[in-house]
Amino acid sequence: MLVKADLSNAEELLPIQHRAFAALYETYQDQYNPAIETMDYFQSRFARPNCSYYKIIEEGHTVGLVRTTVAEDADQGWLGLIGIDPDNRGKGFGHKAMLDLENLYPTVKRWVLCTVLQEPRLVAFYEKLGYKPIKTEPEQEAMDMVYMEKWILEPKKTFLLVSWITETFFILI
């Protein structure tokens, strides 16, 4: 379940973020990795317009976090990050959180994010959720960022064709 976080949750969430991204930092040593974000910088994000943090709560425990940027009534959203504590990975919490996030923002029709192209597990995670690559940009040597998008379509309407001898009717279901 996603629960909106506020500044008072920073002390709880930043260590989870650090643990969630530590392995990526060990591999790439990139300067923008969430594993090395300072408390001051983390806390400053709470004041950014339209930036929201959510705690991922399962069985009464915070198992991860999500950061989004979505303007009120916007039709596009940016997934800044989703991080699951390593002790809670592989249990479907990230997948469920992503679907819950989409439901929290019913006006958003297009979600965009970026992830490390050289991490097939991450790319596959988003592809399973319906995200498609739209562009790739180099970040540093041996590390590229792939931008991905997902369009949330309106529910499909079904037409039922009913015909009586010479008259045809279309019924929207």
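Is Phe46 buried or exposed in this one? Phe46 counts as buried, because its relative accessibility is 18%, where buried means under 20% relative accessible area, exposed over 50% and partly exposed in between, with a 1.4 Å probe and protein chains only.

Quick housekeeping. This is a predicted model, so local features need pLDDT of at least 70 and side-chain atom pairs count only at pLDDT 80 or more, while totals for chains, interfaces and linings use all residues. Residues are numbered from 1 along each chain as its sequence is written, and side-chain values use heavy atoms, with hydrogens and water left out.

Okay, aromatics. Rings of Phe, Tyr and Trp (its six-membered ring) pair if their centres lie within 6.5 Å; planes under 30 degrees apart are stacked, over 60 edge-to-face, and the rest tilted. By that rule we get eight aromatic pairs. One of them is Phe42 with Phe46, edge-to-face, at 5.7 Å centre to centre and 80° between the planes. Phe42 counts as buried because its relative accessibility is 0%.

Next, helix H4. Helices (H or I, at least four residues) and strands (E, at least two) are DSSP runs, numbered from the N terminus. H4 covers residues 120-128, and its buried residues are Leu122, Val123 and Tyr126. Looking down the axis of H4, those buried residues fall within an arc of 100°, so they line one face of the helix; the arc is that of the directions from the helix axis to the C-beta atoms. As a reminder, an α-helix has 3.6 residues a turn, so residues three or four places apart point the same way.

What do the buried residues of H4 pack against? They pack against helix H1 (10-28), S4, H3, S5 and strand S7 (143-151), with contact meaning heavy atoms within 4.5 Å. On the face turned away from that buried side, H4 carries the exposed residues Pro120, Arg121 and Lys128. After H4 comes Gly130, with a positive phi near 100°.

Last stop, Asp85, in the loop between strand S4 (76-84) and H3. Asp85 is buried, because its relative accessible area is 7%. Setting aside neighbours within four places in sequence, Asp85 is in contact with Ile16, Arg19, Val63 and Gly64.
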